[in-house]
Amino acid sequence: MQELIERWQAGDVDAFDELFHQYKKLVFKSALLISGNVGDAEDILQEVFLKLWTSKHTYSSRKGNFINWLYKITVNQSISKCRKKKIHSLSLDQIDSGSGIVDNRERIEPNLDRKWEYEALTKLVSQMDEKHRLVLILRYFNDLPNNAIAEILDIPIGTVKSRLHNALASLRKKWDGMEEK
Amino acid sequence: MPWQASVKNGMVWKKNRLKGMKLRVNCKHISKIILGTHSGELPPEQLELISRHINNCQYCQQELSVIRDIEGCLKVAFEEQTAWAQIPENTLENIKQQAALEKQAASKRHLLAKKFSRFGFLNRRQILTPALAVSILVISMLAIHMINRSNSGVTAYDIALNDPQLQSVLTSNSFMEPDKSKVTVINYLDTHGKPQAFVAFHADPNFLVVADVDMSANTLNRLNTFVLDSQMSKEVIGVAGNDSRIQALLEQGAIISNLYPAYVFYEKEMVNPDGEVYKQASFDFIIQIRIVINSSKYMAIYDVNTGQITTVVTDSK
């Protein structure tokens, strides 16, 4: 990985292509969850890698992990796009209607009996404010620990914990009601 | 850490070191820990104390199970939300094209800066200061003269921008005040000879606003907004893909690089009930479809009213 980053920083186009293919899904899907819009996620993907192309000298391993740096750019570009357009996350129904080829990435197989629970959760998360939604996405989609989330969002680790606590507590409150339906 | 935990009779207790008091750690405390922390991030001794409490508390066992269930469902829900989305095949090529354009622009800026740096002698303060003062004076006088001579453009813009309807559209969408230099103002006379104006601007690359301003009453008649969202983009790309002229380009390896909402102003002849012919200014929203093949650029026009491709031309710009 370190060698690939060094090659990319030295201007090796093949190394850039390799980085793109390695991380495009991660960036695209995170952007899709944050922006809630496929078109915006496509734009964000382009903007993030264009930034990578043009600002390769601004990255230094001393600033932290490369992936966290990439997440940081993705989150910032997505937030900036969302704030401009004030778009909230899409529901599963809306996303299903935008057909596409099934992604090859290994994924957790959904339990079809619980589809309505996933949909209800998606809706609840989409109704949350940006700061709580971001923490949930970074934790449960990107599977990042609190310190990495703190680094990416540039907030203290205690704030990450409290946001995560509040977000989960809010989902927990509504969970029983959902199960009773 | 201001407190230390200990176990007595199977319950978790915490001692507040600052106040020297012993507090019972109840299920609420455990719930806070379950909600806010990955179990992997807890020190082993705390983890052990919490595990012991949970083993002895049915309420906490149930809470833990619900929270873990929510966490599991969240993971699946996020995966499901993104599983069907597809990255366009030409993304990497687009990034490289964009980077090349930016490099070209940067190099032009550099050349321009270099060109002007030849006139380094102008940096001498004794020449530059009076020259700058004279330039500012001349520009200011010219600007005042221009404003006094024709302020209709500025006025139409101000009327539009001060209108609460437009302000509400801009603020509700978090748009800033538009860049004045990029606002187009078209003045025209209506059938009664009264001055009117269209004020058009992009509040965002995908959001177009055209205000119809009554210059005689200093009011905004109508506000027309047009948003190019992803659904509309898909429709336009679908229609473009069925157009034989664009199909021919795509078969040669062309790519649709960008969609851009725009407008066309025109004056059309109308007939009033008395049979008199008069001219009326109007506008149509269109979408420019930019197509790139090798180094050639093409532009197709999608008419928003008819939903059809009206023109495909070589974009010489």
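Of the 181 residues in chain A, 38% are buried. That figure, like the rest of what follows, comes from a predicted model. Chain A is built with 9 helices and 0 strands, so its pattern along the sequence is simply α-α-α-α-α-α-α-α-α.

The buried ones are A:Asn146, A:Ala148, A:Ile149, A:Glu151, A:Ile152 and A:Leu153.

Now for the inside. In soluble globular proteins, nonpolar side chains tend to be buried together. Here the largest nonpolar core has 54 residues, and A:Leu45 and A:Leu121 have the most contacts inside it. Two or more residues each come from helices H2 (13-35), H3 (38-54), H4 (66-85), H6 (115-126), H7 (130-141), H8 (146-153) and H9 (157-180) of chain A, and also from helix H3 (58-83) of chain B. H2(A) gives the largest share, 9 residues. Chain B turns up again around A:Leu121: setting aside neighbours within four places in sequence, A:Leu121 is in contact with B:Cys73, B:Leu74 and B:Ala77, as well as with A:Leu171. There is also a second, separate core of 18 residues, and B:Ile159, B:Phe198, B:Val209 and B:Ala211 are among them.

Chain B also has strands to look at. Four of them, in the order E4-E5-E6-E7, form an open sheet with antiparallel pairing. Strands E4 (184-189) and E7 (219-227) of chain B sit at the edges with a single partner strand each, so one side of each has no neighbour in the sheet. From one strand to the next, the twist averages 15°. Within this sheet, strand E6 (residues 207-214) of chain B runs antiparallel to E7(B) and is joined to it by 8 bridges; for example, B:Asp212 has B:Arg222 in E7(B) as its bridge partner.

Another antiparallel pair in chain B is made by strand E10 (residues 296-303) and strand E11 (residues 308-314), with 6 bridges between them. B:Tyr298, for instance, has B:Thr314 in E11(B) as its bridge partner. E10(B) and E11(B) form a hairpin with 4 residues between the strands, and B:Gly307 in this hairpin takes a positive phi near 70°.

Conventions:
Residues are numbered from 1 along each chain as its sequence is written. Chains are lettered from A and ligands numbered from 1 in the order in which they are written. This is a predicted model: local features need pLDDT of at least 70, side-chain atom pairs count only at pLDDT 80 or more; totals for chains, interfaces and linings use all residues. A nonpolar core is a set of buried Ala, Val, Leu, Ile, Met, Phe, Trp, Tyr and Cys residues joined through C-beta atoms within 7 Å. A residue is buried if 20 or more other C-beta atoms lie within 10 Å of its own, exposed if 12 or fewer, and partly exposed in between; C-beta atoms are placed from the backbone. Two residues are in contact if their C-beta atoms, placed from the backbone, lie within 7 Å. Two strands pair if DSSP finds at least two bridges between them. Axes are lines fitted to C-alpha atoms, for helices over the stretch in contact, and angles run from 0 to 180 degrees between N-to-C directions.
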